[in-house]
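Me: I am new to this one and would like a friendly tour. Could you show it to me first?

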Amino acid sequence: MTPVTDLELPLQRERARTIFQKGAPGRRAFLCPELDVPRIGSDELLPERFRRGEPPRLSEVSEPEIVRHYVGLSKRNFDLDSGFYPLGSCTMKHNPRLHERAAALPGHSRLHPLQDPERAQGALELMWNLQEALTEISGLPHVSLQPSAGSHGELAGVLLTRAFHEDRREGGRVPNKVLTPDTAHGTNPATVTMAGLEVVKVATDEHGGVDIEDLRAKADADVACLMLTNPNTLGLFDPNIVEIAEIVHGVGATLYYDGANLNAVMGLSRPGDMGFDIVHFNLHKSFTQPHGGGGPGSGPIAVSDRVAPFLPVPTVSRGENGSFDLDYGRGQVGSKSIGRLRGFQGNYGCFVRAYAYICSLGGDGLKDASETAVLNANYLLARLKEAGVAEYLPLAYGELCMHEFVLSGGPMKKELKIKTLDLAKRLLDFGFHPPTVYFPLLVEEALMVEPTETETRETLDAFAEAIAQILREAATDGPEVAQNAPYTTPVRRLDEVAAAKHPLIRQVL
Ligand SMILES: Cc1ncc(COP(=O)(O)O)c(C=O)c1O
């Protein structure tokens, strides 16, 4: 009898074909009735001289073919709706469907960005309320919703810092260095460079926090800012934050809070109270949005009084009569605003989802979400220890963590001959998206796990058991099993360097 796998081969081959290789000339998904109005392409609407000789070479497919094609592609993806996605630093929490319904309401989804503010009062009110909520959560009084991502918020923050110093020095020497810890996310130094300033690295101490002595040695009159995330990318809250703020402010610099890790501290501690001057939020992480697949993001910033005059324009304002408007006041001649950061006001759909999240949880609910995120991470850490994983994958720093933790795969590589990348690939065969690998850079063979508050205890147990099983398998059957993984995914081990350096993003016909 022919083995089933051979029978499946023609089908698999068919599925692997691109949409351009499918169909046949003249095949159609849907036939429109004849037009009884002038045809686009007729001389009256589009004169001959503007037309291309040849129609574009689009694929000609039937409706079932096109439906199967795209449904098939969607099934080849791993996403948060199909399984556990503990991608450290990315906060892949569940996106409530209620928020999608709210964002899809025609009043939101069909609103034109050039709509007269008088006729978009509901949307402006939502944005104003969101600004207010973000001031409360951050402990800083002024918000701009414009930035489109965390990294865009960082750019806004560094430009604000530069404007702040230029204003204070009035033509004098402006500090041009920005300090970033060696645990910082890559976007921090990249942003600094993009803004035309110089990056200076600050070392991490043996507890995983900022090395205070190194900070003191580097904090001088040339320093414009220190960018920090707290808890940091090791999943640890820096207990020296007040001292750090004093050192930074002592040399006249600003303190910037990378809010990507806010999921650990919402409603528990506020960056403004810790002494930060500028904060960015990743609405698409902490406040739920479908992300990670290239969906739109949102990285609003909140700032202190002394930085507020430089905020981008427009901001959303409320007049004395209670009506809402777009305030360009800061953008007028003589004002100090850094100007516009993008077209229109920001990614509005993200505002609706984030606001729905904040309203449905309320202050206590946000706090509860953060506490549960921290509890889940520590539970998973304890389960991994219990399953005997710590011998090969020890915690890189500390004993407990905040909402995420970083393990070192150094001993695993040495003893079992499998690298963190092999473990990550093998996890796919167990139905789990791998955690973040090889970040932060200072941890050997790093594995950064962020379970989030929306996962059940059973899922966390199953994940811990999968890691333990992969290690047992390497110890008994040898490293090859993990080294050649994954086996069950639509594509096997990819050349990730070539994919990143020489991406083939166009179909060659
Ligand atoms: C710690 C940290 N900072 C900044 C960013 C940048 O955020 P975004 O991806 O929204 O640009 C990330 C993103 O993963 C992050 O984890």
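Me: How many salt bridges does the count come to?
Reply: Happy to start there! A salt bridge here is a side-chain nitrogen of Lys or Arg within 4 Å of a carboxyl oxygen of Asp or Glu. This is a predicted model, where local features need pLDDT of at least 70 and side-chain atom pairs count only at pLDDT 80 or more, while totals for chains, interfaces and linings use all residues. Residues are numbered from 1 along each chain as its sequence is written, and side-chain values use heavy atoms, with hydrogens and water left out. By this rule the count comes to 20 salt bridges.

Me: Lys 336 and Asp 167 meet in a salt bridge; how many residues apart are they?
Reply: Their side chains meet at 3.2 Å, N to O. Lys 336 is in the loop between β9 (324-327) and α12 (348-386), and Asp 167 is in helix α6 (residues 150-169); helices (H or I, at least four residues) and strands (E, at least two) are DSSP runs, numbered from the N terminus. The pair links distant parts of the chain, and the two residues are 169 residues apart.

Me: Why does Lys 336 count as partly exposed?
Reply: Buried means under 20% relative accessible area, exposed over 50%, and partly exposed in between (1.4 Å probe, protein chains only). Lys 336 falls in the middle class because its relative accessible area is 41%.

Me: Is Arg 173 buried or exposed?
Reply: Arg 173 forms a salt bridge with Asp 222, with the closest N and O atoms 2.4 Å apart. This pair also links distant parts of the chain, with Arg 173 in the loop between α6 and β2 (177-181) and Asp 222 in the loop between α8 (212-218) and β4 (223-228). At a relative accessible area of 61%, Arg 173 is exposed.

Me: Which residues do salt bridges that share partners join into one network with Asp 273?
Reply: One link is the salt bridge of Asp 273 with Arg 270, whose closest N and O atoms are 2.9 Å apart. Asp 273 counts as exposed because its relative accessibility is 53%, whereas Arg 270 is partly exposed at 26%. The residues joined with Asp 273 into one network are Glu 136 and Arg 270.

Me: What separates the centres of domain 1 and domain 3?
Reply: The bounds come from an automatic or database domain assignment. It gives domain 1 (6-74), domain 2 (116-357) and domain 3 (363-496). Taken over C-alpha atoms, the centres of domain 1 and domain 3 are separated by 44 Å.
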